Amino acid sequence: MSLQRHLLPVLILPLFLPFISGCIQEKGRQEGKETVIIFKHGKIAGDPEPFRQLLDRFEKENPGIKVNDETLPASTDEQHQFYAINLEGRSSDFDVLSMDVIWVPEFARAGWLMDLGHLIQEGERDEFFPGPMHAVTYNEKIYAIPWYIDAGLLYYRKDILDKYGFLPPKIWDELVHQAKTITKNESDLYGFIWQGKQYEGLVCNVLEYFWSNGGDVIRGREIVVNSIENVTALRLMRDLIVTYAVTPPLVTTAIEEPTRHIFGNGRAIFMRNWPYAWNIFEREGSPVKGKVGISTLPSFPGKESASTLGGWQLGINRYSRHPDAAERLIRFLTSYEAQKTFALTIGYKPTRKSLYRDRDLMKEQPFITGLYDVFMKARPRPVTPYYMMVTQVMQPEFSAALSGIKTPEEALSSVQRQIEHIMGVAR
Amino acid sequence: MTIKDSGYRFVISALILLSLVSIYPLVYVLYLSLHRRLLIFDISRFVGLENYLFLLKDDRFWNALKNTVYFTVVSVSMELFLGLSIAMLLNRTFMFKGIVRALVLIPWAIPTVVSARMWEWMYNTDFGILNYMLGAKINWLGSPFWAMNAAIFMDVWKTTPFVAILLMAGLHVIPQDIYHAARVDGAENLAIFRKITLPLLKPVILVVLIFRTLDAFRVFDAVYVLTGGGPANTTETLSIYAYKTLFQTLQFGYGSALSVVIFLCIGSISIFYIRLLSRGIKQ
């Protein structure tokens, strides 16, 4: 097969030889003076200037290394596709890559990442939140360093809950009760909105209900998705829409932004979303400015609340020509100081726990430091190289359960069967 | 050297170019489709027709095929009907004819992804202009019944102008004398349409059908942006399924088998139309 695969490049190579040799010469000349490393990442929110200044600081501290940062397309699907195609082709065009929390085991299994265990000493691992550390560990080795963190939150309208004398709900039943009571008396107000379109975000939402009832998808090597806990959890989501009618049917097409809009216009009491929405709510002129509270998501009685972990990690391309320089960049970007700057200037949430007790940060970004409890409870989606296939199975089945095409039992037993099939076949 | 000889030389250079850019990938996809190839697990081995046999048992494939066929049949027939009506209307002489013709083309000129995003907001249950105008709360993209039809509606909005323009060109070349003669013979409007316009327009209609059927069968961007295949895969078309298999789960073997099936479907549709077309011309 390799013959066929390589025939085409061999045939057309002569056409490009002049260009290629030109490039090589160019690179050689540069390397005499300094090492250039390429850093690929998604778009940095807001003003790009502070981020570039951070990289400039790194260059100043590390003479001889130059960092070219290159932005990938905005959609995470496209970024995944970019990495998969280039790494499969053993491209050494980039050295440091930022990865969504769900990709690390997959890339590690494919042999595309360097082992970075030596960058974090045994004692230093506790410095980071447990969720992301779990997500970057595959076969007991660490393949990436957590860069910034994200997790699902419950947003609520402080003013409305106060008016009715309610405290933020700790269990789902409470949330349903509060939402029902309030919507009965107030017009044009939704109870509880979340993300239910068939996409990755739906899985993030559903897992929070599973976990908050003691359920899970994969435990160790066992597939445990078809459990009573999960059936109850999934049924609750359907009931929120149909039986309790506190969630409008529109959530079955909603992603983050539409729900943020509705809540931001003061049209909902509760919303599940990521931390990014906070700054938008607190902007000058926002109808809900000063009226929003946040807390961990509710749970089932007697169970632990949980939220789905998001965020990005930095790893090194296995085929990189400058692994040493790349390591230095990762060490720098995930350091206490750099994460602090990043949090102060752009508002990205640090992955180091100690920063949540940092005085400057507590003063300047009290919202971020207030998220400590949420991030401690954040759990990664199933940490397995099969994840991308597993989520492709879960998305349509969960969607079917929410829209009433299947019962929760049917959907979950189908998920169980399909995941067993995937994991059986791929081995 | 005769003209015929030199002709071969041009054809051969074109053939080489074509085989590099289109036949080589095609053969490679066929080759991949006979393998189990999972990038992440470094698995790549020959499995013969196993991927195709699995495809026969794969409910998700049959569901996607059903969706694709429904999308194609409904959207193409609506586009043809509406396009023909618009073409007939615009073929008359009236004031600002040029401007109106240009205006009609606007939906076609907007890139699909952009118009799909536009429609996504128009279909929004809460702020969407459609529900506002209807005074209803229809969950267009979220209900299993509406989602596919909503996607079809957007496609019809977008491509009807294209159909109309092609048909207008076809109407233009029908000699006016024939219409005059028919009128002199006392033919009714309907009879003129059935006996003169339709038969003379047939080759153009077939060309339009080829274009539109093939395009509709491969539909990806419009539906992907609107619904991502949901809810519960009720709008997942073959192209979306192949894309997810190939580029999201990186199953190159099975994804290639899916692509080959799409190719075979499209190939047979084209052959069917081309037969019709050549028979029409011979008559």
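## Domains, pockets and a buried isoleucine

Chain A splits into domain 1 (28-150 + 311-379) and domain 2 (152-308 + 382-426). Please keep in mind as you look around that this is a predicted model.

**How the domains of chain A sit together**
- The C-alpha centres of domain 1 of chain A and domain 2 of chain A are 29 Å apart.
- Between these two domains, 19 residues of domain 1 are in contact with 20 residues of domain 2.

**The second largest pocket**
- This pocket has a volume of about 1,000 Å³, and 36 residues line it.
- Nearest its centre you will find A:Gln418, B:Phe54, B:Asp58, B:Arg60 and B:Tyr241.
- From chain A, helix H17 (387-402) and helix H18 (408-426) each supply at least two lining residues; H18(A) provides the largest share, seven residues.
- Chain B elements that each supply at least two lining residues are strand S1 (35-38), helix H2 (50-57), helix H3 (59-90), helix H12 (238-248) and helix H13 (252-282).
- By class, the pocket lining holds 13 nonpolar, twelve polar and eleven charged residues.

**Helix H2 of chain B**
- In H2(B), the buried residues are B:Asn51, B:Tyr52 and B:Leu55.
- These three lie on the same side of H2(B), because they cover an arc of only 100° around the axis.
- Residues three or four places apart in an α-helix point the same way, because there are 3.6 residues a turn.
- B:Leu53, B:Leu56 and B:Lys57 are exposed on the other side of H2(B).

**Cavities**
- Searching the whole structure gives three cavities of 30 Å³ or more, and the largest cavity holds about 170 Å³ of space.
- Its lining is made of 14 residues, with A:Thr253, A:Pro258, B:Glu120, B:Asn124 and B:Thr125 nearest the centre.
- Helix H10 (256-264) of chain A and helix H6 (112-123) of chain B each supply at least two residues of this lining, and H6(B) gives the most, with three residues.
- Eight of the lining residues of the largest cavity are nonpolar, four are polar and two are charged.

**A closer look at A:Ile368**
- A:Ile368 belongs to helix H15 (residues 366-369) of chain A.
- Its relative accessibility is 2%, so A:Ile368 counts as buried.
- Beyond its neighbours within four places in sequence, A:Ile368 is in contact with A:Ala343, A:Gly347, A:Tyr348, A:Lys349, A:Pro350 and A:Tyr356.
- A:Leu344 is 24 residues away from A:Ile368 along the chain, and their C-alpha atoms are separated by 9.7 Å.

Notes: Residues are numbered from 1 along each chain as its sequence is written. Chains are lettered from A and ligands numbered from 1 in the order in which they are written. This is a predicted model: local features need pLDDT of at least 70, side-chain atom pairs count only at pLDDT 80 or more; totals for chains, interfaces and linings use all residues. Side-chain values use heavy atoms; hydrogens and water are left out. Helices (H or I, at least four residues) and strands (E, at least two) are DSSP runs, numbered from the N terminus. Buried means under 20% relative accessible area, exposed over 50%, partly exposed in between (1.4 Å probe, protein chains only). Contact means heavy atoms within 4.5 Å. On a 1 Å grid over the protein atoms alone, a cavity is a set of points where a 1.4 Å probe fits but cannot get out, and a pocket is an open set with protein on both sides within 12 Å along at least five of seven lines; lining residues have an atom within 4 Å of a point. Grid points are joined across faces, edges and corners, and a volume is the space filled by probe spheres set on the points. Ala, Val, Leu, Ile, Met, Phe, Trp, Tyr, Cys and Pro count as nonpolar, Asp, Glu, Lys and Arg as charged, and the others, Gly among them, as polar. The arc is that of the directions from the helix axis to the C-beta atoms. Domain bounds come from an automatic or database domain assignment.
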